[in-house]
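Hi everyone, thanks for coming.

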Amino acid sequence: MSQNGLPTAGAAPGLAKTGPSLLASLAAMTGSRLPLPDLLRAIAQEHPGAARHALQRLAERVESGVSLDEAFASTERLFPRGLRRPLQLAASAGNLQVALPALAVQEATRGDVRRRVVSALVYPAMVLCFAFGLAAFVAVAILPQFAGIFEEFELEGPFNTELLFRTAAVLPKAALVVG
């Protein structure tokens with residue numbers, strides 16, 4: 001604990017520039033004797049842009065006497081809403097050393113699940129786009145030629161074939177109206 005009763009943390013090398021890594025870094029550093037504002041400033045030096053600004057603002061607020069849970073409430077750009085509330089609760093309970101590692105694991109897992117879901121949906125989306133493009137090509141380029149052959153030989157195809165030819169004849173006109 002620091003002089004103002006806030007949990008203290010120490011430094012760890014090689015911080016990544018992501019939110020889950022930031023949590024893991026904070027979790028790893030909570031056992032040191034460094035005052036929390038100094039720790040937050042040290043971590044801020046390792047992170048670019050908005051994260052740096054938010055960490056510096058967090059350090060300033062803690063240093064000015066704002067409670068740590070209130071300071072976490074002001075970190076909307078650094079931590080997502082679903083993470084700020086657990087951080088606030090852990091800080092107000094004085095249980096940050098236990099909560100930070102669990103939250104770091106939770107955020108890393110959430111990011112991993114999100115990446116897996118997105119990558120699992122990419123292939124079906126590509127197949128769907130390819131199938132739509134292929135169907136559009138067939139309807140615009142190939143079916144009119146077959147319809148011409150049927151007309152040239154004065155043949156009448158089955159109902160489904162005639163329906164397909166009529167639909168293919170209307171699609172380019174409908175695309176012009178929509179576009």
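Predicted model: local features only at pLDDT ≥ 70, side-chain atom pairs only at ≥ 80, totals over all residues.

Let's start with confidence: among the elements of the protein, which has the lowest mean pLDDT, and which the highest? The lowest mean belongs to helix α1, residues 19-29, at 74, and the highest belongs to α6, at 92. Across the protein the pLDDT averages 80, and 88% of the residues score at least 70. Please be careful with residues 1-18, where the pLDDT is below 50. That stretch does have 44 contacts in the model beyond near neighbours in sequence.

Helix α2, residues 36-46, and helix α3, residues 49-63, have axes that come within 8 Å and cross at roughly 170°. An angle over 145 degrees counts as roughly antiparallel, so that is how α2 lies relative to α3. On the α2 side, the contact is made by P37, L40, R41, I43, A44 and Q45. From α3 come R52, L55, Q56, L58, A59, E60, V62 and E63. By class, the residues of this contact are eight nonpolar, two polar and four charged.

Next, please find helix α5, residues 81-93, and helix α6, residues 96-152. Their axes are 9 Å apart, and they pack at an angle of about 165°, which makes α5 roughly antiparallel to α6. The crossing of α5 and α6 is right-handed. Who meets whom here? In α5 we have L83, P86, L87, A90 and A91, and in α6 they meet L96, A99, L100, L103 and E107. The contact of α5 with α6 has nine nonpolar residues, one charged and no polar ones.

Let's stay with α6 and look at its contact with α7. The axes of α6 and α7 come within 9 Å, crossing at roughly 130°. That makes α6 oblique to α7, and the crossing of these two helices is left-handed. From α6, the residues A139, V140, L143, F146, A147 and F150 meet T161, L164, F165, A168, L171 and P172 of α7. This contact of α6 with α7 holds eleven nonpolar residues, one polar and no charged ones.

The ring centres of F150 and F165 are 5.2 Å apart and the planes stand at 65°, so the pair is edge-to-face. F150 sits in helix α6 and F165 in helix α7, residues 159-178. The two are 15 residues apart, and their pair links distant parts of the chain.

Definitions and conventions
Residues numbered from 1 in each chain as written. Heavy atoms only, no water. Axes fitted to C-alpha atoms, helices over the stretch in contact; angles between N-to-C directions. Helix = DSSP H or I, 4+ residues; strand = E, 2+ residues; numbered from the N terminus. Parallel < 35°, antiparallel > 145°, perpendicular 65-115°, else oblique. Left-handed = near helix turned anticlockwise from the far one by under 90°. Contact = heavy atoms within 4.5 Å. Nonpolar A, V, L, I, M, F, W, Y, C, P; charged D, E, K, R; others polar. pLDDT = per-residue confidence, 0-100. Phe/Tyr/Trp six-rings, centres within 6.5 Å; stacked < 30°, edge-to-face > 60°.
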